Amino acid sequence: MDNKQKKYLLGYAGNTAGITEEDAKKLTHINLAFGRLNLDGRISVDHLTILKQLPQIRAWNPGIKIVLSLVPHHPDAFTLNCATPEGRETIARSCAETVQEHKLDGIDLDWEYPCVPSNGANTSPADKHNFTLLCQEIRRQLDAINGSHYLLTIAAGADLYYVESVEIPELMKVLDYICLMTYDLKCGFHALAGHHTQLYSSTGDVFRNSCDQALRLFHAAGAPKEKLLMGAAFYSRKWEGIEDRNHGLLQICKNGGGYGPNYHDLVSDYIDKNGYTRYWDDEAKAPYLFNGSTFLSYDDPESLKAKCEYVNREGYAGIFYWEHVCDATRTLLDTLYQNLNA
């Protein structure tokens, strides 16, 4: 994909997403959140009532790609099944069967994260190569299906730990693109109030991660720009009990950043309301809210326009967001739609 080609606009959507005709016509891709990978290596989707809406979505937008995103139903499901050829074959066969049964366009693997034990899984250093082998086997079985090319993608952690936990050059031979999760850049792991989905790092931020840094990191590791999507957040992160200094920005807290309100709730009850003031960090290209003790980080139309300009200018594949249900105003989706191919 070069700068002149249409950029991808992908939304993660769960059962309560409520995709409208207008939404469907703006999106190029939908990732269904989530299919479950079980300990036996099989995929379950019976809980996904949104599957019933897919014929209507395709009628509204015949060109849309609808992909099933997989998470482990048990924390160890990926590690255990990736560890053997039989386990990898079972996952891949279930992927192929599922896309055919539900007339899907592909599979997205959301393993958070290979080799990383801090997310509550019994991971292993062997995950690094086993993940490559899994993706190769899924690619093989998807390609064996007669008919269209089926997408195989992953959602990736947006920092050095992820790049060093997987084999990017080998993965890129079988993946169609990576959804780079450039949100939660500050989260429960960080007792520092700051931007969780900033385009650039601010001077004085001891954690130097940002959307720009992550995209450049993955590209340098071997991922082509035309296979990298930047992530946007339709929800906020929150830090509480902060000293009233620097409007709360980059202040140490007792706890990490929890989830804050979704965007439509920010609009109705927080942005320049109920004691909260909106500030803009022009260096990071990111907004934030502060009320004297609570700090909220989020994306808004101004920050998303800057992200679109960046993706257009630098030649990346597009932008995706988590999650569709988080903005009932549709302002953020419309901002992406209006600016991504401007």
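Beyond its neighbours within four places in sequence, Ala306 is in contact with Leu199 and Lys285, contact being defined as heavy atoms within 4.5 Å. Ala306 lies in helix α10, which covers residues 301–314; helices (H or I, at least four residues) and strands (E, at least two) are DSSP runs, numbered from the N terminus. Ala306 has a relative accessible area of 13% and is therefore buried, where buried means under 20% relative accessible area, exposed over 50%, and partly exposed in between, with a 1.4 Å probe and protein chains only. A distance of 9.0 Å separates the C-alpha atoms of Ala306 and Asn339, which are 33 residues apart along the chain.

The model is predicted: local features need pLDDT of at least 70 and side-chain atom pairs count only at pLDDT 80 or more, while totals for chains, interfaces and linings use all residues. Residues are numbered from 1 along each chain as its sequence is written, and side-chain values use heavy atoms, with hydrogens and water left out.

Helix α4 comprises 17 residues, 85–101. The expected span of a helix is 1.5 Å times one less than its number of residues. For α4 this gives 24 Å, in agreement with the 24 Å between its end C-alpha atoms. The buried residues of α4 are Gly87, Arg88, Thr90, Ile91, Ala92, Ser94, Cys95, Ala96, Thr98 and Val99. An α-helix has 3.6 residues a turn, so residues three or four places apart point the same way. The cover over the buried residues of α4 includes the strands β2 (29–37), β3 (43–44), β4 (65–72) and β5 (106–109), together with the helices α3 (77–82) and α5 (127–143). After α4 comes Lys103, with a positive phi near 55°.

Several backbone features occur in loops. In the loop between β5 and α5, which holds Tyr113, the peptide bond from Glu112 to Tyr113 is cis, with omega near 0°. Cys115 has its place in the loop between β5 and α5 and shows a positive phi, near 75°, in a residue other than glycine. With a relative accessible area of 21%, Cys115 is partly exposed.

A cis peptide bond also joins Trp322 and Glu323, where omega is about -15°. Glu323 is found in the loop between β14 (318–322) and α11 (331–339). In the loop between β9 (235–239) and β10 (258–262) lies Leu250, whose phi is positive, about 65°, although Leu250 is not a glycine. Leu250 counts as buried because its relative accessibility is 19%.
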